[in-house]
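Morning, everyone. Let me put the structure on the screen, and then we'll walk through it.

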Amino acid sequence: MPTRKTRKLPFWAIKLKRFRLSKGLDQKQFAELLGLSVASIASYEQGLRMPKQSTMNKMHEVLGLDVYETFFNEKLEDFTCKK
């Protein structure tokens, strides 16, 4: 039986999903708050696309997400949200 290749998620994709879940938001709610599509949120959380800097800034403004800690610090320990 063939085995399915699994792809390792980027650290920032894992953190982004953890952040969303810690806020009690589903992907649709998260997308609406940011003015994005659910498909965009899903692609970020799957590590298929990295958000643009302007989207990262919007995440910071709207939700208090620490852009550096989420997207550039490779440590996966728990992190706190500013809001």
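Start with asparagine 73. Setting aside neighbours within four places in sequence, asparagine 73 is in contact with Phe11, Lys15 and Tyr68. Contact here means heavy atoms within 4.5 Å. Asparagine 73 lies in the segment after helix 5. Its relative accessible area is 13%, so asparagine 73 is buried. The cut-offs: buried is under 20% relative accessible area, exposed is over 50%, and partly exposed is in between, with a 1.4 Å probe and protein chains only.

Some ground rules. This is a predicted model, where local features need pLDDT of at least 70, side-chain atom pairs count only at pLDDT 80 or more, and totals for chains, interfaces and linings use all residues. Residues are numbered from 1 along each chain as its sequence is written, and side-chain values use heavy atoms, with hydrogens and water left out. Helices are DSSP runs (H or I, at least four residues), numbered from the N terminus.

Now helix 1. Which residues of helix 1 are buried? They are Phe11, Trp12, Ala13, Lys15, Leu16, Phe19 and Arg20. Their cover includes helix 2, helix 3, helix 4 and helix 5. After helix 1 comes glycine 24, with a positive phi near 70 degrees.

Next, helix 2, residues 27-34. Phe30, Ala31 and Leu34 are buried there. They sit on the same side of helix 2, because they cover an arc of only 100 degrees around the axis. The arc is taken from the directions from the helix axis to the C-beta atoms. As a reminder, an α-helix has 3.6 residues a turn, so residues three or four places apart point the same way. On the other side of helix 2, Lys28 and Glu32 are exposed. What do the buried residues of helix 2 pack against? Helix 1 (11-22), helix 3 (38-45) and helix 4 (53-63).

Look at the two ends of helix 2. Aspartate 26 caps the N-terminal end, with a side-chain oxygen 3.1 Å from the backbone nitrogen of lysine 28. Just after helix 2, glycine 35 takes a positive phi of about 70 degrees.

On to the aromatics. There are 2 aromatic pairs in the structure. Tryptophan 12 and phenylalanine 71 make a tilted pair, 6.1 Å centre to centre with 40 degrees between the planes. The rule: rings of Phe, Tyr and Trp (its six-membered ring) pair if their centres lie within 6.5 Å; planes under 30 degrees apart are stacked, over 60 edge-to-face, and the rest tilted. This pair links distant parts of the chain, 59 residues apart, with tryptophan 12 in helix 1 and phenylalanine 71 in helix 5 (residues 67-71). Tryptophan 12 counts as buried because its relative accessibility is 8%. Phenylalanine 71 is buried too, at 2%.

Phenylalanine 19 and phenylalanine 30 also form a tilted pair, at 6.4 Å centre to centre and 55 degrees between the planes. Phenylalanine 19 is in helix 1 and phenylalanine 30 in helix 2, 11 residues apart. Both are buried.

Last, charge. The count is 1 salt bridge, meaning a side-chain nitrogen of Lys or Arg within 4 Å of a carboxyl oxygen of Asp or Glu. Arginine 20 pairs with glutamate 45, their closest N and O atoms 2.5 Å apart. Arginine 20 is in helix 1 and glutamate 45 in helix 3, 25 residues apart. Buried or exposed? Both are buried.

Terms used:
Polar contact = N/O pair within 3.5 Å; in protein donor to acceptor, adjacent residues only side chain to side chain.
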